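This report describes selected helices, contacts and aromatic pairs. The sequence and structure are shown first.

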Amino acid sequence: MKKRDILTSIGIVVGFGLVFWGMSSGKTNLMIFFDPASIAITVGGSFAALLIAYPISEMKRAMKVIGQSFRESTMARTEIISSFKNLSMKARREGLLSLDDEMEQLTDEFLKKGLQMVVDGLEPETIKEIMELEIGEMERRHSDGTNILKAWAGYAPAFGMIGTLIGLIQMLANLTDSTALASGMGKALITTFYGALLANLILSPMAQNLSYKSTVEVNSREMMIEGVLAIQSGVNPRIVEEKLTSYLSPAARAKFIEEGAKEAGVTENV
């Protein structure tokens, strides 16, 4: 099970909260910021443009990928290293076939698939090729979802401007009618507001979120490939750990080594 990424939800809530606070800080009725026609033009119009740009099958897949913005992408790297250290020790002691029992406890399907190919006796080149192909396909899916969000973020302000033009036209067409003049001016401004808010608080940040998480997940899966191939070749567990810790930042590596030393000290004392 993937963990929820609470920061994404917090960011959206805090962002809207600050905007709402700014809207309510003036001595005006908050209802002036609500206009159904402007919402329809900005949100509905930009989404309609998205339907024109992409087929429905791609939209459905993209919506699933977008959901990843609210979840952690994969196992923590330190958790991956610890798992491979234990797996390599078991494989060295009891043989590769003993990994079959350990796979049931793993939650990452990519890792389980790699280990299953090791147990099945596939060649290292074949395992690496299959796992790299899966990484490439994952990158493509994530890229498609990111591109759809970026496209929507581009359409939203454009439709906000269309709403602005509609409001200006309505205003200029009724210069003698003060009610229509105020309504047209309100629509001219509020649609630009909706477009900017939708693009800059939701769509663009979520696209960046997906892009970052995709990079992290690719790096983690490359670690897994390295670990799987090391286990298959019978590398010493200590060497496996050394190889995988090279994927950590210097600070994370130092912390991981320190925690490992503490655990070893506790074990010796016991």
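## Contacts and aromatic pairs

Leaving aside residues up to four places away in sequence, Leu-210 touches Val-65, Ile-66, Gln-68, Ser-69, Gly-145, Thr-146 and Leu-149, where contact means heavy atoms within 4.5 Å. This is a predicted model, in which local features need pLDDT of at least 70 and side-chain atom pairs count only at pLDDT 80 or more, while totals for chains, interfaces and linings use all residues. Residues are numbered from 1 along each chain as its sequence is written, and side-chain values use heavy atoms, with hydrogens and water left out.

Leu-210 lies in helix H8 (residues 178–232); helices are DSSP runs of H or I with at least four residues, numbered from the N terminus. Its relative accessibility is 2%, so Leu-210 counts as buried (buried means under 20% relative accessible area, exposed over 50%, partly exposed in between, with a 1.4 Å probe and protein chains only). The C-alpha atoms of Leu-210 and Ser-69 are separated by 5.9 Å, although these residues are 141 residues apart along the chain.

A search of the whole structure finds three aromatic pairs. Rings of Phe, Tyr and Trp (its six-membered ring) pair if their centres lie within 6.5 Å; planes under 30 degrees apart count as stacked, over 60 as edge-to-face and the rest as tilted. Two of the pairs are listed here.

| Pair | Centre to centre | Angle between planes | Class |
|---|---|---|---|
| Phe-33 and Phe-193 | 6.1 Å | 55° | tilted |
| Phe-47 and Trp-152 | 5.4 Å | 55° | tilted |

Phe-33, in the loop between H1 and helix H2 (36–53), and Phe-193, in helix H8, are 160 residues apart, and their pair links distant parts of the chain. Phe-33 is partly exposed at 22% relative accessibility, and Phe-193 is partly exposed at 25%. Together with Tyr-194, Phe-33 and Phe-193 form one aromatic cluster.

Because Phe-47 lies in helix H2 and Trp-152 in helix H7 (residues 124–173), their pair ties together parts that are 105 residues apart in sequence. Phe-47 is partly exposed, with a relative accessible area of 31%, whereas Trp-152, at 14%, counts as buried.

Helix H4 (residues 77–94) has 18 residues, and at 1.5 Å a residue it should span 26 Å; its end C-alpha atoms are 26 Å apart, which agrees. The expected span is 1.5 Å times one less than the number of residues. Buried residues of H4 include Ile-80, Phe-84, Leu-87 and Ala-91. Just after H4, Gly-95 takes a positive phi of about 95°.

Technical notes. Helix = DSSP H or I, 4+ residues; strand = E, 2+ residues; numbered from the N terminus.
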